[in-house]
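Please read this briefing beside the sequence and the 3D view. It covers charges over rings, an aromatic pair and pockets.

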Amino acid sequence: METLPWLNPERAQSLQQLLRERILVIDGAMGTMIQQHELDEAAYRGERFAKGYDHAYDHVEHVHGDNCGCSRDQRGNNDLLSLTQPQIIQGIHAQYLDAGADLIETNTFNSTTVSLADYGLEHLARELNEAGARLAREACDAAETRDPSRPRYVIGVLGPTSRTASLSPDVNRPGFRAITFDELRVAYREAADGLIDGGADVLMVETVFDTLNAKAALFAIEEAFDARGVRLPVMVSGTITDASGRTLSGQTAEAFWYSLRHAQPLAIGLNCALGAKDLRPHVDVLAQVADAYVSTHPNAGLPNAFGGYDETPEDMADVLGEFARAGMLNLVGGCCGTTPAHIAAIAKVVEGVAPRALPSLVAAA
């Protein structure tokens with residue numbers, strides 16, 4: 001089958017060239033940085049969502065009112081801040097760029113109809129993805145203007161959603177599924193289209209705990225590309241959920257790769273859940289078996305008793321620097337608990353370290 005051309009050939013080719021030359025740095029946590037602003041409910045809602053629903057959205061058979069039942073608490077709906085507090089989101093992007101990040105993730109982790117249903121804002125999925133990508137694009141463009149010699153890239157993030165297609169949420173009904181493959185596919189297609197329209201350079205299916213969810217996302221992405229006749233590079237990043245070394249749907253890192261290899265992603269990796277030290281053997285496996293670039297952006301250690309993260313920038317940099325020197329990495333960054341200080345330390349420790357070389361894997365006769 002003929003491969004579709006790149007949507008932005010110059011940017012896609014420059015990214016691939018840089019990956020051959022050095023280890024690239026991904027940004028850190030968005031939620032951790034948002035929490036530092038200590039926003040209240042009113043700040044999350046802004047003017048458009050002041051009553052807990054979108055007063056700009058007209059239902060065909062429903063008129064919003066004070067007692068209509070549509071009002072929801074929005075505090076914690078971080079993706080909504082792309083509309084209500086865009087200056088905060090763009091400021092966070094700028095801090096990570098200043099810290100040395102080459103790639104910035106969009107504030108769209110929960111911007112699917114599936115996850116937005118928790119806030120009664122399913123209709124915002126396309127708008128939030130486009131707005132999130134646009135804010136990251138503007139931040140990257142501003143950084144490139146200041147230093148044209150260093151391109152910066154927008155990673156359009158597609159999160160795992162709040163549902164799992166492989167497992168039942170009800171222990172008494174093991175055959176029950178809260179969502180279908182097609183429902184996920186439709187949700188991911190809407191999100192992907194928004195990210196592309198907003199100016200993403202790359203799409204990343206992130207924090208994959210269920211490989212079937214990831215397959216739905218990758219299918220939807222291919223549908224979006226086919227409809228446009230062009231494509232973007234695609235990354236996939238899974239999450240190891242506990243000391244067993246498996247995803248929630250039961251796969252090892254190696255099995256995870258082979259389940260998704262057909263999609264020919266630019267990069268495969270692991271993020272979130274465990275700290276860098278505990279992720280090492282699983283990233284090492286990917287580095288050995290994957291004929292794609294390998295990424296990791298772990299948490300700043302495991303959560304403490306208060307839900308915080310204790311690993312300092314120096315702690316993370318020491319561990320991830322060893323990953324790099326061992327020849328395991330092509331892209332590296334941070335997830336929960338990480339800050340611009342973490343990213344600056346990581347960027348410094350991997351600077352000048354040769355990137356992992358892609359293996360030439362030959363199938364047995």
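**Rings and pockets in a predicted model**

Arg173 lies over the face of Phe176, 4.2 Å from the ring centre; a charge counts as over a ring if NZ of Lys or CZ of Arg is within 6 Å of the ring centre and within 35 degrees of the ring normal. This is a predicted model, where local features need pLDDT of at least 70, side-chain atom pairs count only at pLDDT 80 or more, and totals for chains, interfaces and linings use all residues. Residues are numbered from 1 along each chain as its sequence is written, and side-chain values use heavy atoms, leaving out hydrogens and water.

**Rings**
- Arg231 lies over the face of Trp6, at 3.7 Å from the ring centre.
- The count of aromatic pairs comes to 1 (rings of Phe, Tyr and Trp, its six-membered ring, with centres within 6.5 Å; planes under 30 degrees apart are stacked, over 60 edge-to-face, the rest tilted).
- The ring centres of Phe181 and Phe219 are 6.1 Å apart and the planes are at 75°, so this pair is edge-to-face.
- Phe181 is partly exposed at 27% relative accessibility, and Phe219 is partly exposed at 44% (buried is under 20% relative accessible area, exposed over 50%, partly exposed in between, with a 1.4 Å probe and protein chains only).

**Pocket linings**
- One lining divides into 16 nonpolar, 4 polar and 8 charged residues, that of the largest pocket.
- For the second largest pocket, the lining residues divide into 9 nonpolar, 17 polar and 4 charged.
- Nonpolar means Ala, Val, Leu, Ile, Met, Phe, Trp, Tyr, Cys and Pro; charged means Asp, Glu, Lys and Arg; the others, Gly among them, are polar.
- A pocket is an open set of points on a 1 Å grid over the protein atoms alone, where a 1.4 Å probe fits, with protein on both sides within 12 Å along at least five of seven lines; lining residues have an atom within 4 Å of a point.
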